Amino acid sequence: MQERQKDRARYFRELAHTSEKYFIPYISPFMKIEAGMNVLEIGCGDGGNLLPFARLDCNVTGVDLSEGKIENARKFFAEAGAPGRFIASDIFKIKELESSFDLVICHDVLEHIGDKARFLSDLQKYVRPSGLVFMAFPAWQMPFGGHQQICRSKFLSHLPFFHLLPRSLYRAVLKAGGEEPFRIEELLEIKDTRLPIELFERLLAASRFESLDRTLYFINPHYEVKFGLRPRRLARFISAIPYLRDFFTTSAFYILKLK
């Protein structure tokens with residue numbers, strides 16, 4: 001497992017850095033980020049993405065299924081002296097939050113969801129009519145689209161593309177690499193719920209959302225703080241080629257609004 005996956009405080013700080021430097025500037029041409037606006041992150045994890053919004057005096061709410069990550073978020077926000085509301089729950093069971101948010105963030109979440117069409121359908125309930133959604137995910141076929149960086153094995157956590165192996169062979173490699181059964185099942189679940197760009201855009205076309213912008217990154221903006229790599233957008237001619245672009249897109253950014 002890569003070290004940042006163990007050090008949650010470091011991971012929190014890194015996400016906050018990327019959110020402030022890249023997410024907010026990406027969203028800002030479509031929506032002014034200002035004091036008093038309501039921001040929700042679904043699958044907020046430890047809450048790092050929300051910290052820069054809280055520091056701009058937005059009302060931030062983070063929801064995640066993991067009680068441990070929500071506890072971390074509350075702790076890290078308290079240490080940063082920032083206000084925030086964090087809830088350990090399935091967001092779609094919290095009816096009182098419906099129609100409440102100017103901005104909804106779904107960062108590296110949709111690729112973990114089995115019923116993606118239902119997720120997009122339910123998501124609309126939480127966005128105000130004039131609100132926006134910032135959606136970001138790694139294309140499944142990109143080098144680490146299988147989230148193999150969470151492997152305990154240092155070798156496997158740095159091995160690109162092996163998540164594209166047939167399921168049985170992928171399982172065998174994980175087992176041979178010494179991965180624990182729960183980790184193998186987690187990685188296989190990600191394989192089952194994978195999200196190519198083409199699948200997302202088909203789902204989007206059938207939903208009540210439309211895209212205001214799509215930006216595909218060859219070098220994910222988050223790689224700057226992780227690896228010291230300067231973010232780079234995918235070349236236009238590759239971005240225009242369905243399926244091929246998935247192998248080169250380390251992160252796909254979208255701004256969505258209700259039709």
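These legends describe close-up views of a predicted model. Local features need pLDDT of at least 70 and side-chain atom pairs count only at pLDDT 80 or more, while totals for chains, interfaces and linings use all residues. Residues are numbered from 1 along each chain as its sequence is written, and side-chain values use heavy atoms, with hydrogens and water left out.

**View 1. An open sheet of eight strands.**
The strand order is β3-β2-β1-β4-β5-β8-β6-β7, and the pairing is mixed. The edge strands are β3 (85-88) and β7 (232-233), each pairing on one side only. Strands are DSSP runs of E with at least two residues, and helices are runs of H or I with at least four; both are numbered from the N terminus. Two strands pair if DSSP finds at least two bridges between them.

**View 2. Strand β5 and its two neighbours, β4 and β8.**
Eight of the 11 residues of β5 (residues 127-137) are buried. Buried means under 20% relative accessible area, exposed means over 50%, and partly exposed lies in between (1.4 Å probe, protein chains only). Six bridges join β5 to strand β4 (residues 101-107) in the parallel sense. The chain passes from β4 through helix α5 (residues 116-123) to β5, a right-handed β-α-β crossover. Right-handed means that, with the strands pointing away from the viewer, the path from the first strand over the helix to the second runs clockwise. Val-104 has Val-133 in β5 as its bridge partner. With strand β8 (residues 251-258), β5 pairs in the antiparallel sense, again over six bridges. There, Phe-134 stands opposite Ile-255 in β8.

**View 3. The β6-β7 pairing.**
β6 and β7 run antiparallel and are joined by two bridges. Tyr-217 has Arg-233 in β7 as its bridge partner. Leu-216 belongs to strand β6. Leu-216 counts as buried because its relative accessible area is 4%. From Leu-216 to Arg-233 the C-alpha distance is 5.9 Å, although the two are 17 residues apart in sequence.

**View 4. A nonpolar surface patch of about 700 Å².**
The patch is made by Phe-161, Leu-164, Phe-218, Phe-237, Ile-241, Leu-244, Phe-247 and Phe-248. Patch residues have over 30% relative accessible area and no salt bridge; like charges are joined within 9 Å, and nonpolar side chains (Val, Leu, Ile, Met, Phe, Trp, Tyr) within 5 Å. Accessible areas come from the Shrake-Rupley method with a 1.4 Å probe; for residues, only the protein chains shown count as cover. Phe-218 sits in strand β6 (residues 209-219). Phe-218 is partly exposed, at 42% relative accessibility. Phe-161 lies in the loop between α6 and α7 (167-176). Phe-161 is partly exposed too, with a relative accessible area of 36%.

**View 5. Positive phi at Asp-57 and Phe-161.**
Most residues other than glycine have a negative phi. Asp-57 is not a glycine, yet its phi is positive, about 70 degrees. Asp-57 lies in the loop between α3 (51-55) and β2 (59-64). Asp-57 is exposed, at 53% relative accessibility. Phe-161 also has a positive phi, near 70 degrees.

**View 6. A polar contact from Ser-157 to His-158.**
The two side chains meet at 3.0 Å. A polar contact is a pair of N or O atoms within 3.5 Å; within protein, one must be able to donate a hydrogen and the other to accept it, and residues adjacent in sequence count only if both atoms are side-chain atoms. Ser-157 belongs to helix α6 (residues 154-157). Ser-157 is buried, at 0% relative accessibility.

The whole structure holds 13 salt bridges. Each is a side-chain nitrogen of Lys or Arg within 4 Å of a carboxyl oxygen of Asp or Glu. Glu-14 is buried at 6% relative accessible area, whereas Arg-10 is partly exposed at 28%.
Asp-122 is buried at 12% relative accessibility, and Arg-118 is exposed at 55%. Salt bridges with shared partners join Arg-118, Asp-122 and Lys-125 into one network.
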